Amino acid sequence: MLRNLLRPFILFVVFWLAPTAPAHSAVPEVLVTIKPIHSLVSGLLQDIAEPGLLIEGYQSPHTFQLRPGDLDKIHRAEILIWIGPGIETPLQRIIGQQTDKTVIRLGDDIQVADDHHQADSDHHQADSDHHHLHEDQHRWMDPYLVLEDMQRVSRILSRHLPAHVSTIERNLARLTERMQRLDQDIRARFAGPQTIPALLYHDAWGRFLERYELEMHGIVNPHAHAQPGARHLHDIEEIIKRRQTRCLMVEPQFRSSQVETLQARYELQIIKLDPLGADLPATADAYFTLMRNMTEALAGCR
Ligand SMILES: [Zn+2]
């Protein structure tokens, strides 16, 4: 009886909504800041929705500058996933203002002074200002850590997408399997603890090195948003001479004349290492390709 009474009303609602609300409108818009995390969230949302990506191409999340189109993306999103001020430092303020949406922060609850505009001086801010002096926030470099993050994200997504819970569960199971395979393959590639005779450009690989018991010779630019100082470069040259460093890992997000100088002076082999996968299409595969490419690049320095 009740159903019969309600039917015209239901039909009316469906008709009324139809022109303005396309079929996928029930799925909230998800925006992810950086490509490796976007890739994993794409995997979680497979067959449900396509998350948006905020920081594309060769931009560094440490020095990212918001354009009007980016603001639109942020305002449109209902669920926003980022690591936190330790990585996407310039987004700290704008994301802090998004009180009307679900913001999922994967990283630690730290505050970082947005001081990259002063990056051209040799003078460094107080230690507490910089993320690389906090616990390493490049979480995706550790497959297990980022898998834990995705378990948490999947629980939150399930709450917002109750009609898709079983698909999210299936996707998480697939992601877990893929992550285990990746971990095994990386382990097999390095076969035990070892030192790679290389310098990294910036300090993004700490968690990877720790997980796989690897060691590097040093870091050219420990402060991601400032140029390295003269004293630090002097120390780096001493390391190259003393330890006979063979390779210099460069990143497409950073350009540096110091890299060219060091390479020319010590005939270092330049190896491209991209922690964000700037060249890769933003798909569910991107994370895995990025990690495998990185493994090959690191293992290639002998
Ligand atoms: Zn970094």
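Reader: Where is E213 placed in the chain, and what is the value of its phi?

Author: E213 belongs to the loop that runs between α7 (206-211) and β6 (214-221). Its phi is near 55°, which is a positive value in a residue other than glycine.

Reader: Which loop holds A191, and what is phi there?

Author: A191 sits in the loop between α6 and β5 (194-202). Phi of A191 is near 45°, again positive in a residue that is not glycine. As for its surroundings, A191 has 8 C-beta neighbours inside 10 Å, so A191 counts as exposed.

Reader: What share of the residues in the chain is buried?

Author: Of the 302 residues in the chain, 36% are buried. The secondary structure comprises 10 helices and eight strands. Among contacts between residues at least 6 apart in sequence, 62% join residues at least 24 apart.

Reader: How should I read the pairing of α6 with α10, and at what angle do their axes cross?

Author: One compares the directions of the two axes; angles under 35 degrees count as roughly parallel. The axes of helix α6 (residues 165-190) and helix α10 (residues 286-299) come within 10 Å and cross at roughly 5°. The two helices, α6 and α10, are therefore roughly parallel to each other.

Reader: Which residues of α6 and α10 meet?

Author: From α6, the residues are R178, L182, I186, R189 and F190; from α10, they are F288, M291, T295 and A299. Sorted by class, this contact of α6 with α10 has six nonpolar, one polar and two charged residues.

Reader: What is the average pLDDT of the chain, and how many of the residues score at least 70?

Author: The general idea is that pLDDT gives the predictor's confidence in each residue. The chain averages a pLDDT of 85, and 83% of the residues score at least 70. Over residues 10-24, however, the pLDDT is below 50, and this stretch has one contact in the model beyond near neighbours in sequence. Residues 114-134 also have a pLDDT below 50, with 34 contacts in the model beyond near neighbours in sequence. Where pLDDT is low, the predicted coordinates should not be read in detail.

Methods. Residues are numbered from 1 along each chain as its sequence is written. This is a predicted model: local features need pLDDT of at least 70, side-chain atom pairs count only at pLDDT 80 or more; totals for chains, interfaces and linings use all residues. Helices (H or I, at least four residues) and strands (E, at least two) are DSSP runs, numbered from the N terminus. A residue is buried if 20 or more other C-beta atoms lie within 10 Å of its own, exposed if 12 or fewer, and partly exposed in between; C-beta atoms are placed from the backbone. Two residues are in contact if their C-beta atoms, placed from the backbone, lie within 7 Å. Axes are lines fitted to C-alpha atoms, for helices over the stretch in contact, and angles run from 0 to 180 degrees between N-to-C directions. Angles under 35 degrees count as roughly parallel, over 145 as roughly antiparallel, 65 to 115 as roughly perpendicular and the rest as oblique. Ala, Val, Leu, Ile, Met, Phe, Trp, Tyr, Cys and Pro count as nonpolar, Asp, Glu, Lys and Arg as charged, and the others, Gly among them, as polar. pLDDT is the predictor's confidence in each residue, from 0 to 100.
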